[in-house]
Amino acid sequence: MQFLPFTRPSIDEDAIDAVAAVLRSGWLTTGPRCREFEAELSAWTGGRPVRLVSSATAALELALRIAGIGPGDEVITTPLSWIATANVVLGVGATPVFVDVDPSTRNIDLSRTEKAITPRTRMLLPVDLAGLPVDRTRLYEIAGRHGLRVLEDAAQSMGARWADRRIGSFGDLVSFSFHANKNITTGEGGCLVMNDEHEARLFEKLRLQGVTRFADGSMDVDVPGAKANLTDIAAAIGSSQLRRLDAFNERRRRLAALYFEHFDRSLGFELPVEDFETGNWHMFQPLLPLARMSIDRGGFIEAMKREGIGVGVHYPAMHLFTLFRRRGFRDGDFPVAENIGRRTVTLPLFPAMRDDDVPRVCEAVSRVVKAALRRD
Ligand SMILES: *Cc1c(COP(=O)(O)O)cnc(C)c1O
């Protein structure tokens, strides 16, 4: 039987034709296709300014810069995310302050967030893990009460909703990723949704060497910018993918529902929140019943590979990486995130998967875990 990876992008002939047209056009880098994709994303977010960059990591870092976050500032975030979320805070010289996650949503625990606010806190940087949105109502209540900026790391939650509004169509700064594993892709890429044209112009300057161009053809540079512009080749893929986003997410929801139907709950896994209202099912992540098993997560992943099934890990709690241990973090600081980070596995879920792939995965999980149950 064919190997089933945990994710795979869906690129159709429409995207391939669009790329071929860009290649034939003679204009490869940032140009008309980027402006078109930006206009489409702006329409998709209800008319907010949106600008493209070469990755969501760049979008996050430039967002911190346009918000004026720098040395001496604290940014409150979750320890359970891709390392990019905290790296960008260090990148601008600010300090990431972690708050433990909620055991059920696995997102930053908003009931503990206010206790982490100090006079140096400038921003909240929440992450919608697996595409399940953080409670935006409470988030913006807290930000409003304390006068904080918000940067939503929505890399995983494109197409998710809160109170029947699209993530990205409201709020403060919102970043999306178009990495190959995300719900839509440009290969690599990302974008930032902003509040006004002033922010958008600052962002445009910072994403390309700090250059401001004037109508008479002259230019000036008043700040060292990044080199983070997107190519028209990538933007052409993005436009094609955006048209398919709703169908992709519908397919993901259907596959997630099949997981809940077929997963053997007697094995002792903790399943994700059974949500079909808000999230986009970027990933399906049960937590391994490690205490009952005689193998560790590595052994589980190896055994699943022998079953022909790819399993990912997203993510270990990041405060336990050497980078943060050196800054004084240690085991036990954020026990909920640590527990999830040790036990989480990402099972296959992507739009091109077939319905009958889900029971195949569930049966393999049962075989592997039953063979590894402790008999004491
Ligand atoms: C993927 C991801 C990023 C980074 O996106 P890139 O486009 O790879 O830079 C940041 N945060 C989260 C939560 C992600 O999942």
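I started at Arg343, which counts as buried at 13% relative accessibility. The cut-off for buried is under 20%. I keep in mind that this is a predicted model.

Next I looked up the partner of Arg343. Glu270 forms a salt bridge with Arg343, and the closest N and O atoms are 3.2 Å apart. Glu270 sits in the loop between H9 and H10, while Arg343 belongs to helix H12, so the pair ties together parts 73 residues apart in sequence. Glu270 counts as partly exposed, at 38% relative accessibility.

I then checked shared partners.

How many salt bridges does the structure hold? I noted 26.

I turned to Arg251. This residue forms a salt bridge with Asp355, with 2.9 Å between the closest N and O atoms. The pair links distant parts of the chain, 104 residues apart. Arg251 is in helix H9 (residues 245–262), and Asp355 is in the loop between helix H12 (335–343) and helix H13 (357–371).

My last entry is Asp264. Asp264 forms a salt bridge with Lys370, the closest N and O atoms lying 3.6 Å apart. I placed Asp264 in the loop between H9 and helix H10 (297–306) and Lys370 in helix H13, so this pair ties together parts 106 residues apart in sequence. Asp264 counts as partly exposed at 23% relative accessibility. Lys370 is partly exposed too, with a relative accessible area of 45%.

How values were computed: Residues numbered from 1 in each chain as written. Predicted model: local features only at pLDDT ≥ 70, side-chain atom pairs only at ≥ 80, totals over all residues. Heavy atoms only, no water. Salt bridge = Lys/Arg side-chain N within 4 Å of Asp/Glu carboxyl O. Helix = DSSP H or I, 4+ residues; strand = E, 2+ residues; numbered from the N terminus. Buried < 20%, exposed > 50% of the residue type's maximum accessible area, 1.4 Å probe, protein only.
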